[in-house]
Amino acid sequence: MLKKYSELCQERVLLKDTVPLETPFALHIEPTNWCNFKCTFCPRNNDDFINYVGSFCHMDLKLFSKILNEAKQFPEKIKVIRLYYLGEPLMHPNFIPMLKMLIAADITERIEISTNASLLTKELTEKILNVTQNFNGLLYMRYSIYSVIPSKNKKITKSFISPEIIYSNIANFQQRRNALKVKNVITYAKMLDSYDDENIKFLNLYNKIVDEAMIEQPHNWDSEDKRNLLADVYSSEQIEQINSLKMPKVCSFLFTTMCVLSDGTVVSCCIDWSRKNVIGNVLKNSLKEIWNGEKLKNLRLLHVKGQRSMLSACKYCKRLPCHPEDCLDDITAEILE
């Protein structure tokens, strides 16, 4: 039986018994850093975001091909390749060719697409489903729902695309998947905790049209200047509660994940929007060289030694705590020698 998205963390081995990994578990590839939403809590909509990323761009197909070919240098298949980072992946004009290339490369067990679903037209739905039938692994469609209340959705996303359009797109995708009997596509809709009755409304609506609907806990995209990106959505009391989560000493992302951005820059995790922990660039080095390189090793060492506060991208990070199986707080620096 196919696993729902929330079940993927089950039956894990203890990460501390497997690090350092010769092959990363997860690879984010950002097709584009453009997005048709301007969500108030997303750092890409900061006035100075361009100062950190250089420019908005779609990933070049030659660069994408280079990444896929270099992924074959790892001794094992990557467990999951996530076609998203900060942008809306369906905005890439060649998204379907990218998906075809990824499937043909046969380098991963699972593909994840995270989308706001506003561009998930009937035509694009047919193309995604047709292409995915040639994939030996699983494709997870992750839908990010920002609100099911029209006025609130407009306030958060700064867009005129209504919740009804998004709901209709997702319902159509599910209907066509079922009609075509595509067995390797699993759907998951998520909304950030509203701390009110909207949670129930969301679950009641989306549990009817996806395989799984969940309420996820928000995190604050803190950077070295501690900008509070949640202030337009949550009260000060709610933000205090969000920020009060106890963080692990050692971030497991550094040991499991790499993120290749649309211009080829590689960072150590999907929270590092300001590119403070750049570990390489695939235009200059191979994925394998970057994964085994000194820059990433030094980041890991600082965490293991309890010195994460020396890293501006990590000092104020408030991402959700890792799964118990991924806890690395007890490992020592010797493991990285």
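Helices and strands are here DSSP runs, numbered from the N terminus. The structure described is a predicted model.

Strand β1 is covered on both of its faces. A26 and H28 are buried on one side, and L27 and I29 are buried on the other. In a regular strand, side chains alternate between the two faces of the sheet. Two strands flank β1 in the pairing pattern. Strand β2, residues 78-82, runs parallel to β1 and is joined to β1 by 3 bridges; within this pairing, L27 stands opposite I81. Strand β7, residues 257-260, also runs parallel to β1, with 4 bridges between them, and here I29 stands opposite V260.

The largest nonpolar core holds 96 residues, of which I128, Y143, I145 and Y206 touch the most other members. Helix α3, residues 95-105, gives the most to this core, with 7 residues. The contacts of I145, leaving out residues up to four places away in sequence, are I166, I170, A189, K190, M191, L192, F202 and Y206.

In α3 the buried residues are F95, I96, M98, L99, L102, I103 and A105. An α-helix has 3.6 residues a turn, so residues three or four places apart point the same way. The buried residues of α3 pack against α2 (61-71), β2, β3 (108-115) and α4 (122-132). Just after α3, D106 takes a positive phi of about 55 degrees.

Aromatic rings form 10 pairs in the model. In one of these, F41 and Y146 have ring centres 5.8 Å apart and planes at 45 degrees, so the pair is tilted. F41 belongs to the loop between β1 (26-29) and α1 (49-53), while Y146 belongs to the loop between β4 (138-145) and α5 (150-157), so the pair ties together parts that are 105 residues apart in sequence. F41 is buried, at a relative accessible area of 11%, whereas Y146 is partly exposed, at 23%. A single aromatic cluster is formed by W34, F49, Y52, F56 and W273. Two rings have R300 over them: the charged end of R300 sits over the ring of F255, 5.3 Å from its centre, and R300 also lies over the face of W291, at 4.7 Å from the ring centre.

Y146 is also a contact of N153, a residue of helix α5. Apart from residues up to four places away in sequence, N153 touches Y146, S147, K158, I161, S162 and P163. N153 has a relative accessible area of 1% and is therefore buried, the limit for this class being under 20%.

A search of the whole structure finds 0 disulfides. For C251, the nearest cysteine sulfur is that of C269, 5.7 Å away. For C259, the nearest is that of C270, at 5.5 Å. C251 is buried, with a relative accessible area of 9%, and C259 is buried at 0%.

Several backbone features were also examined. Most residues other than glycine have a negative phi, and most peptide bonds are trans. K181 is not a glycine, yet has a positive phi of about 55 degrees. K181 is placed in the loop between α6 (163-180) and β5 (185-192) and is exposed, with a relative accessible area of 62%. Y195, likewise a residue other than glycine, has a positive phi near 60 degrees. The loop between β5 and α7 (198-206) contains Y195, which is partly exposed at a relative accessible area of 26%. The peptide bond from V19 to P20 is cis, with omega near 0 degrees, and P20 lies in the segment before β1.

V19 and P20 are also in contact with I335. I335 lies in the segment after α12 (312-315) and is partly exposed, at 25% relative accessibility. Leaving aside neighbours within four places in sequence, the contacts of I335 are K16, V19 and P20. Between I335 and K16 there are 319 residues of separation in sequence and 9.7 Å in space, C-alpha to C-alpha.

Notes: Residues are numbered from 1 along each chain as its sequence is written. This is a predicted model: local features need pLDDT of at least 70, side-chain atom pairs count only at pLDDT 80 or more; totals for chains, interfaces and linings use all residues. Side-chain values use heavy atoms; hydrogens and water are left out. A disulfide is a pair of cysteine sulfur atoms within 2.5 Å. Buried means under 20% relative accessible area, exposed over 50%, partly exposed in between (1.4 Å probe, protein chains only). Rings of Phe, Tyr and Trp (its six-membered ring) pair if their centres lie within 6.5 Å; planes under 30 degrees apart count as stacked, over 60 as edge-to-face and the rest as tilted. A charge sits over a ring if NZ of Lys or CZ of Arg is within 6 Å of the ring centre and within 35 degrees of the ring normal. Two strands pair if DSSP finds at least two bridges between them. A nonpolar core is a set of buried Ala, Val, Leu, Ile, Met, Phe, Trp, Tyr and Cys residues joined through side-chain atoms within 4.5 Å. Contact means heavy atoms within 4.5 Å.
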